[in-house]
Amino acid sequence: MRAVLVGTMLAWRAGGLQRSHGCWSAGGLQQRAARSSVAAAPPKSFEAAPPQNIAAAPPQPIADASEPAFRAWLDESLRDAPRRDVYGGIYDECAAAVVRWRRRYHGNPQLWKRLMKERLVKELVECAPVIAATRDFVAEQHERVTIVDLCSGKGYLSMFLSELLPPDRVERCVLVDKAWPHCHAVPKPSHINWDHVYGSHDAPDGTTTSYFDAWPIRLTTSKQNLKCPSTTRGMVRAIFDRAPGPVAVLAVHLCGTLSLRALDLFNSQPATQFLVLKPCCLPPMLHAVRNETFVVGGHAFDAADVASHGKFRGGDWIGPPRRAIQPKFERWAAHLEAGALVRAGGRKSLERSEVQTKGGFQNLYIFAEHDRPSARLWDGLRARGRMPALR
C-alpha cells in the first residue's frame, strides 16, 4: 500500500501567503491545522561535536606504498572495529576486496585518491549487518536478485556486495542517488564522479582496462530524486518492472523522510521481496511546526513525536546534545518498522547492532521480507543478536 500524502498545500497570493486544502499521493504526510504549541525556533542550547563511531583510523599509507603495507593499514584500522566478534569475517573479506580495487585502479592515482577515503572504513563497519543479511537472503533465492541501493553515494555498499555475493545469483546492483549525472552525460563538479564504475585505463602496453567489466556483479547508476513522485514512477518502470527476479531494496543512511520513500517502494512494488533500512537523521522540525502526520503502510504518527533540530555540517554535528534526541530516534525507527507492510506470511524485525559506540546512537536496522521467510536470513539475524526493548 502506498503511503498517502494528505495535507495543506501552500499557495502564494499577492500581499501574503495563504493556505488552500488539497491532497496528492506522493506518500508519507498528513498535515493538519497548525498548533501554536510547536515552536519553530531552534533550542538555545546547541552543541557542535563530531560524529564518533569507531576509533580513529591510523594515517593512510602514501599512494605508492606496497600492497602489504596498505593491507596492514586496513587490518589495523579494523582491528578494534565494533562488533568484530560477529562481523570479523566480513571485515576481512571486505578488506581483501579493497586491496583488489587498489590493483584495479593502479595507474589512475587521481581516481583512487577520490575513492579511497578514510571514511570507507566507517562505511564498511556500518554496512556489515546489511552485507551479512543480504548474503543470507540471496543464498536462498531461486531467481537472480536485483539489488537497489538507495541514496548510494559513491556506492560502497554495492561495491562490497559485488565482490562478496555469488555472481550467478545476482542480476545487478543499481546505485540510486540524485547526485549521479544523467545517463550518458559528462559529470559536472556537482555530480558524483562515476569513473570507478564506468571509466577505463589505458596501460603503457596499449591495452585498455574497462572498470565496468571488472566488477564481478554488474554495477549501474540511476539518477533519481526519491522525493519526486514522477521520478519514482520512472524508476519503478526502469528498474523494478524489468527485474527478472526478486528485488532487494537496501537503504542505508537515509536522512529524514527519505526513509518513508524506501518503505513506499517495499510496500507497493510486487517485485520487491526484501528490505533493509538503516535510518539516519531525524525529520526536520519544519514537519512538526506544520503539525504534519506521517502515514506509511497504514501506520500514522505525529511528526512532533520524532522531528528534531540539528544536522551534520562538514562532518560536525550542529544541534542539541545527541543523547537528548536518542529517544526520538528510537521512536522514529519503531514507527518506520510499524510502517513496513509485509505480504501474507512475511516477516519484519527491528534490530540493534552497535556499530556506533563512541557518542553515536544510530544503531537500528529494519529488516523485512515478503511472503515466505528465508530461514537462513532470520536464523542469521537471531544469531547475531536481537535489540532490547525501545525506550
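Biologist: Which residues in helix 5 are met by residues in helix 2?

Modeller: In this predicted model, the side of the contact that belongs to helix 2 consists of Glu-93, Cys-94, Ala-97, Val-98, Arg-100, Trp-101 and Arg-104. By class, the residues of this contact divide into seven nonpolar, no polar and four charged. The partners in helix 5 are Met-159, Phe-160, Glu-163 and Leu-164.

Biologist: How is helix 2 oriented relative to helix 5, roughly parallel or roughly perpendicular?

Modeller: Two packed helices are described by the angle between their axes and the distance between the axes. For helix 2 and helix 5, which spans residues 156-164, the axes are 10 Å apart and the angle is about 100°. Because angles of 65 to 115 degrees count as roughly perpendicular, helix 2 is, relative to helix 5, roughly perpendicular.

Biologist: Is helix 4 roughly parallel or roughly antiparallel to helix 12?

Modeller: The axes of helix 4 and helix 12, the latter made of residues 375-383, come within 7 Å and cross at roughly 155°. Since an angle over 145 degrees counts as roughly antiparallel, the relation of helix 4 to helix 12 is roughly antiparallel.

Biologist: Which residues of helix 12 make the contact with helix 4?

Modeller: On the side of helix 4, the contact is made by Ala-133, Arg-135, Asp-136, Phe-137 and Ala-139. Taken by class, the residues of this contact divide into five nonpolar, one polar and three charged. Those that helix 12 provides are Arg-376, Leu-377, Gly-380 and Leu-381.

Biologist: Turning to Gln-141, which side chain makes a polar contact with the side chain of Gln-141?

Modeller: Gln-141 lies in the loop between helix 4 and strand 5, and it counts as buried because its relative accessibility is 14%, below the 20% limit. A polar atom of its side chain lies 3.1 Å from the backbone oxygen of Phe-137, and, not counting residues up to four places away in sequence, Gln-141 touches Arg-169, Pro-246, Glu-369 and Ser-374. The side chain that makes the polar contact with that of Gln-141, at 3.4 Å, belongs to Ser-374.

Biologist: Is Asp-85 buried or exposed?

Modeller: Asp-85 is found in helix 2, and its C-alpha atom is separated by 9.8 Å from that of Arg-384, which is 299 residues apart along the chain. Because its relative accessible area is 73%, and a value over 50% is what this class requires, Asp-85 is exposed.

Biologist: What value is phi of Cys-151 near?

Modeller: Most residues other than glycine have a negative phi, and most peptide bonds are trans. Cys-151 is found in the loop between strand 5 and helix 5 and, at 25% relative accessibility, counts as partly exposed. Its phi is positive, in a residue other than glycine, and lies near 50°.

Note on methods:
Residues are numbered from 1 along each chain as its sequence is written. This is a predicted model: local features need pLDDT of at least 70, side-chain atom pairs count only at pLDDT 80 or more; totals for chains, interfaces and linings use all residues. Side-chain values use heavy atoms; hydrogens and water are left out. Helices (H or I, at least four residues) and strands (E, at least two) are DSSP runs, numbered from the N terminus. Buried means under 20% relative accessible area, exposed over 50%, partly exposed in between (1.4 Å probe, protein chains only). A polar contact is a pair of N or O atoms within 3.5 Å; within protein, one must be able to donate a hydrogen and the other to accept it, and residues adjacent in sequence count only if both atoms are side-chain atoms. Contact means heavy atoms within 4.5 Å. Axes are lines fitted to C-alpha atoms, for helices over the stretch in contact, and angles run from 0 to 180 degrees between N-to-C directions. Angles under 35 degrees count as roughly parallel, over 145 as roughly antiparallel, 65 to 115 as roughly perpendicular and the rest as oblique. Ala, Val, Leu, Ile, Met, Phe, Trp, Tyr, Cys and Pro count as nonpolar, Asp, Glu, Lys and Arg as charged, and the others, Gly among them, as polar.
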